[in-house]
Amino acid sequence: MPPTTLDATTLEKLVSAAVAAPSIHNTQPWHYRLDPGTATLQVRAVAGRALRHADPVGRALHISVGAALFNLRVAVAHTGWEPVVRTLPSPAEPDLPATVLLARGVCVSRRHRPELYDALWRRHSSRSPFSGHPLPPETTAELIEAARVEGASLWFPPAAETTRLLRLTGQAERRNAETAERRAEGRAWLREGASDGLPGSAVGRRDADGRLPLRDFSGVGAAGGPPVRFEPRPTVAVLATAHDRRADWLRAGQALEHVLLATTARSVRTTLLHQALEWPDLRTALGEGPGRPRHVQLLIRLGYGPEGPATPRRSAREVLETGP
């Protein structure tokens with residue numbers, strides 16, 4: 001049987017699990033409010049933490065919030081409640097992407113494997129070189145299914161298509177470096193000793209061969225130190241949705257985090273490649289052509305290599321309020 005009350009320690013653990021999710025530039029654009037009378041957690045988006053230039057319509061913000069929502073679902077189920085989720089519950093409140101009711105049902109959902117809860121505390125992005133060893137077919141099948149059950153799709157393109165996707169990502173990275181507003185926005189989230197943003201230890205180095213265009217948050221090609229050689233044939237997966245509305249962005253975020261936790265449980269490392277999604281023409285180009293998913297939401301690099309460093313998080317007390 002699930003617990004009959006939600007104590008302060010458990011509540012803090014639930015919110016801490018949500019906050020452990022990835023977000024673009026580690027902006028952590030979320031806030032939580034508990035209605036104790038209904039045992040409902042509101043998951044709110046914080047527009048002030050949006051990226052004005054890289055994400056003017058809030059698509060990446062909603063994906064970030066969706067990832068936090070998935071973590072919250074996993075943590076609620078782990079604690080013994082049934083998470084009953086409503087997305088976009090109030091058209092009059094655009095800053096309320098979702099609510100999660102902690103139901104006291106007898107049968108808690110077993111939709112997710114138990115190891116996902118442990119994985120959410122260990123998941124980190126890795127911007128280091130990978131070994132180049134391919135993922136086993138059973139692992140790729142598992143990741144495809146993880147995205148599918150959340151209402152999204154995950155596609156592992158062939159080598160020539162991967163090269164094209166990385167070329168578009170590189171083009172976006174060059175545009176970001178050449179645009180003053182984008183450079184300044186990236187640098188603003190390079191922070192040491194803060195509870196958000198990225199410390200220098202989390203910023204990757206450049207690929208000496210230029211095949212893998214990781215994001216240079218400094219905007220001047222100097223972040224992370226001297227270039228190193230990365231795997232010559234990166235594995236990249238394409239996360240996409242059937243449509244491109246706010247509800248789809250939230251689905252993409254939940255699918256993303258389901259995939260990332262599944263990879264963490266399998267000791268597979270990941271890097272998120274979002275640059276080409278930040279330019280409308282390049283985003284369109286990602287999905288152009290027969291057989292390609294139309295509404296691409298994110299590119300994910302996967303492989304075996306060093307575990308990425310932890311990035312800071314705001315505490316549960318900073319992002320939570322209690323009241324009707």
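Q: What makes a stretch of chain a helix or a strand here, and where does that put Ser267?
A: Helices are DSSP runs of H or I with at least four residues, strands are E runs of at least two, and both are numbered from the N terminus. Ser267 falls in the loop between H7 and strand S7 (269-273). This is a predicted model, where local features need pLDDT of at least 70, side-chain atom pairs count only at pLDDT 80 or more, and totals for chains, interfaces and linings use all residues. Residues are numbered from 1 along each chain as its sequence is written, and side-chain values use heavy atoms, with hydrogens and water left out.

Q: Why are the rings of Tyr117 and Trp121 called a pair, and of which kind?
A: Rings of Phe, Tyr and Trp (its six-membered ring) pair if their centres lie within 6.5 Å; planes under 30 degrees apart are stacked, over 60 edge-to-face, and the rest tilted. Here the centres are 5.9 Å apart and the planes at 85°, so this is an edge-to-face pair. The structure holds 1 aromatic pair. Both residues are in helix H3, 4 residues apart, which means about one helical turn between them. Tyr117 is buried at 10%, while Trp121, at 32%, is partly exposed.

Q: How do you know that the charged end of Arg182 sits over the ring of Trp279?
A: The test wants NZ of Lys or CZ of Arg within 6 Å of the ring centre and within 35 degrees of the ring normal. Arg182 is listed as over the Trp279 ring, 3.9 Å from its centre. Arg301 likewise lies over the face of Phe130, at 3.5 Å from the ring centre.

Q: What makes a set of residues a nonpolar core, and how many residues has the largest?
A: A core is a set of buried Ala, Val, Leu, Ile, Met, Phe, Trp, Tyr and Cys residues joined through side-chain atoms within 4.5 Å. The largest has 38 residues, and Val15, Tyr32, Val43 and Leu72 have the most contacts inside it. H2 gives the most to this core, with 10 residues.

Key
Buried means under 20% relative accessible area, exposed over 50%, partly exposed in between (1.4 Å probe, protein chains only).
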